[in-house]
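Work through the exercises below with the model open. Each task is followed by its solution.

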Amino acid sequence: SHIVQMSSSQGAPLPPGMDLKVREDGLAILRMSIGPKGGNLFDPDFTKALNEALTAVEEDPKIRALVITSGGKYFSNGLNTKFLKNNPLGSPGMVVGVYRVLARLLVLGFPTIAAINGHCFGAGFFLALCCDYRIMTTDQGLICLPELDLGMPLSPGFNAIAKCKLPKAALRTTVLTSKRWTPQEAFATGILDQLASGEQLLSRASTLAVDVMGDARKRKRHVYSMLKMEIYGECYETLTSWFILPRVVMTLIGMEMLRQSNIRSKM
């Protein structure tokens, strides 16, 4: 098998916990490892770091495909619920910030592959869904939208991603039961495109990326992005809408009212 050389991303250094390597054939591999146990919890710091990583990817003209994975035990454990609880005034803005970075990923101008190496929950699941392809290790990890079990509604942007990207057969079960999908179950229902053992995950994801990146002379980033805009347009518009903040505020207010109602009912 031939060896492809890799180099660190050129340009401004990425935030700690974000590692970007670019192969000579144009495949970029982004490893995320931020927070306790590399849990990659979505809060302002993680969202900013991911946004900066996507900027570095977009600014490198050599890159023709992107694999996103984690350097820790988990792919991503979702929103940082402690931040949401401790920062009620900052929470709507944080959630909208997550929408914006996921919207960028959704319509990136080349193929994107989520190489899911462990638990993939909540916003982490939406991160994977915003990639074009998903491949997961069979060694560890579950996939889940835990909102039902957490007593939370889906906020507007996450709802749009779920309806846009989840297979119809999986949407109802994923959202209305908070099912914890095993990799094998998620593959069988179409949530995942491929499975791999842990040691083969990155090589299988890289092979998939090379298969879909195509001829560099024919593939133009702006065209690829436009095509994604066309097929994911409604979802993208929701994630980037200027009117999304009031809807998120109302969702979070409703969530707090429900929580207070539950507290009173137990008294």
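## Aromatic contacts

Phe126 and Phe158 are both buried (under 20% relative accessible area; exposed is over 50%, partly exposed in between; 1.4 Å probe, protein chains only). The model is predicted: local features need pLDDT of at least 70, side-chain atom pairs count only at pLDDT 80 or more, and totals for chains, interfaces and linings use all residues. Residues are numbered from 1 along each chain as its sequence is written, and side-chain values use heavy atoms, with hydrogens and water left out.

**Exercise 1.** Classify the pair Tyr99 and Phe158.

Step 1. Apply the rule: rings of Phe, Tyr and Trp (its six-membered ring) pair if their centres lie within 6.5 Å; planes under 30 degrees apart are stacked, over 60 edge-to-face, the rest tilted.

Step 2. Tyr99 and Phe158 lie 5.3 Å centre to centre with 90° between the planes, an edge-to-face pair.

Step 3. Tyr99 is in helix H3 (residues 91-106) and Phe158 in helix H6 (residues 156-165), so the pair ties together parts 59 residues apart in sequence. Helices are DSSP runs (H or I, at least four residues), numbered from the N terminus.

Step 4. Tyr99 is buried at 0% relative accessible area. Phe158 is buried at 3%.

**Exercise 2.** Classify the pair Phe126 and Phe158.

Step 1. The ring centres of Phe126 and Phe158 are 4.7 Å apart and the planes are at 5°, so the pair is stacked.

Step 2. Phe126 lies in helix H4 (residues 123-129) and Phe158 in helix H6, so this pair ties together parts 32 residues apart in sequence.

Step 3. Ring pairs join Tyr99, Phe126 and Phe158 in a cluster.

Methods:
Helix = DSSP H or I, 4+ residues; strand = E, 2+ residues; numbered from the N terminus.
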